[in-house]
Amino acid sequence: MKKGFIQIYDDILPKELSNGIENLILKDQVVNLVYTPNITDSQSDNLYPGFGSNFYDPKNNKFEPYSYAFFEIVYRLGNYLNLFIAQIYKARVFIHLPSLTPGQDEIHVDMPEDHYVCLYYVNDSEGDTIIFDNNRKEIQRITPKKGRIVFFDGSLEHCSTRPSTRTRAVLNFNFIATKLG
């Protein structure tokens, strides 16, 4: 993959799988969501509340039984792009509730190590993801759409934006992979 790449894919997952993931997170309440005062930066004093779950983090011995259902997203992306997924570093779900103060969350990178990011939008909502260049100039804005995958170089700074009328649910995967062939 070229440094700084951003790729967007719609509907790589079958509709039944997309519906199942949405149900697990937003309807069946299988995922243990925890309130956080700042959905993208736990060290920040800014109040951008939401709910989240670090459902897979091998460094901290965290593995929820439903992780396999969500890993299907990354592995299907890998099959689609002819990538070997060598290691998933961590995986999380984030829920933004409608906000009275919609706007941009903290600009960040997920981790300092070289990695890829896969964002999967669980539902149709507001709350674009914004990706920036090295000078924090916006280079891409992606609107959440159920089943949409955003795959990009993990060294790119990015942020979410808070929705004003609809709940925004996103799965976030950080991983390394190599191109096959």
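This is a predicted model: local features need pLDDT of at least 70, side-chain atom pairs count only at pLDDT 80 or more; totals for chains, interfaces and linings use all residues.

Tutor: Residues are numbered from 1 along each chain as its sequence is written, and side-chain values use heavy atoms, with hydrogens and water left out.

Student: How many disulfides does the rule give here?

Tutor: A disulfide is a pair of cysteine sulfur atoms within 2.5 Å. Under that rule the count is 0 disulfides.

Student: How many salt bridges does the structure hold?

Tutor: A salt bridge is a side-chain nitrogen of Lys or Arg within 4 Å of a carboxyl oxygen of Asp or Glu. The structure holds 12 salt bridges.

Student: Which residue forms a salt bridge with Arg76, and where do the two lie?

Tutor: Helices (H or I, at least four residues) and strands (E, at least two) are DSSP runs, numbered from the N terminus. Arg76 forms a salt bridge with Glu72, the closest N and O atoms being 2.8 Å apart. Both belong to helix α2 (residues 67-81), and because they are 4 residues apart there, about one helical turn separates them. Arg76 is partly exposed, with a relative accessible area of 31%, and Glu72 is partly exposed at 30%.

Student: Which parts does the salt bridge of Arg162 and Asp105 tie together?

Tutor: The side chains of Arg162 and Asp105 meet at 2.7 Å, N to O. Arg162 lies in the loop between β10 (158-160) and β11 (168-179), and Asp105 in the loop between β5 (83-96) and β6 (116-121), so the pair ties together parts 57 residues apart in sequence. Arg162 counts as buried at 10% relative accessibility, as does Asp105 at 3%.

Student: What of Glu157 and Arg136?

Tutor: Their side chains form a salt bridge of 2.9 Å, N to O. Glu157 is in the loop between β9 (148-153) and β10, whereas Arg136 is in the loop between β7 (129-132) and β8 (138-142), so this pair ties together parts 21 residues apart in sequence. Arg136 is partly exposed, with a relative accessible area of 45%. Elsewhere, salt bridges that share partners join Asp10, Asp11, Lys145 and Arg148 into one network.

Student: How is the pairing of strand β3 to be read?

Tutor: Two strands pair if DSSP finds at least two bridges between them. Strand β2 (residues 34-36) pairs with β3 in the antiparallel sense over 3 bridges, and Thr36 has Gly50 in β3 as its bridge partner. β3 also pairs with β5 in the antiparallel sense, over 5 bridges; the partner of Ser53 in β5 is Val93.

Student: What joins β3 to β4?

Tutor: Strand β4 (residues 62-63) runs antiparallel to β3, and 2 bridges join them. Asp57 stands opposite Lys62 in β4. The hairpin of β3 and β4 has 4 residues between the strands, and Asn61 takes a positive phi near 55° in this hairpin.

Student: How many residues of β3 are buried?

Tutor: Strand β3 (residues 50-57) is mostly covered, with 6 of its 8 residues buried.

Terms used. Buried means under 20% relative accessible area, exposed over 50%, partly exposed in between (1.4 Å probe, protein chains only).
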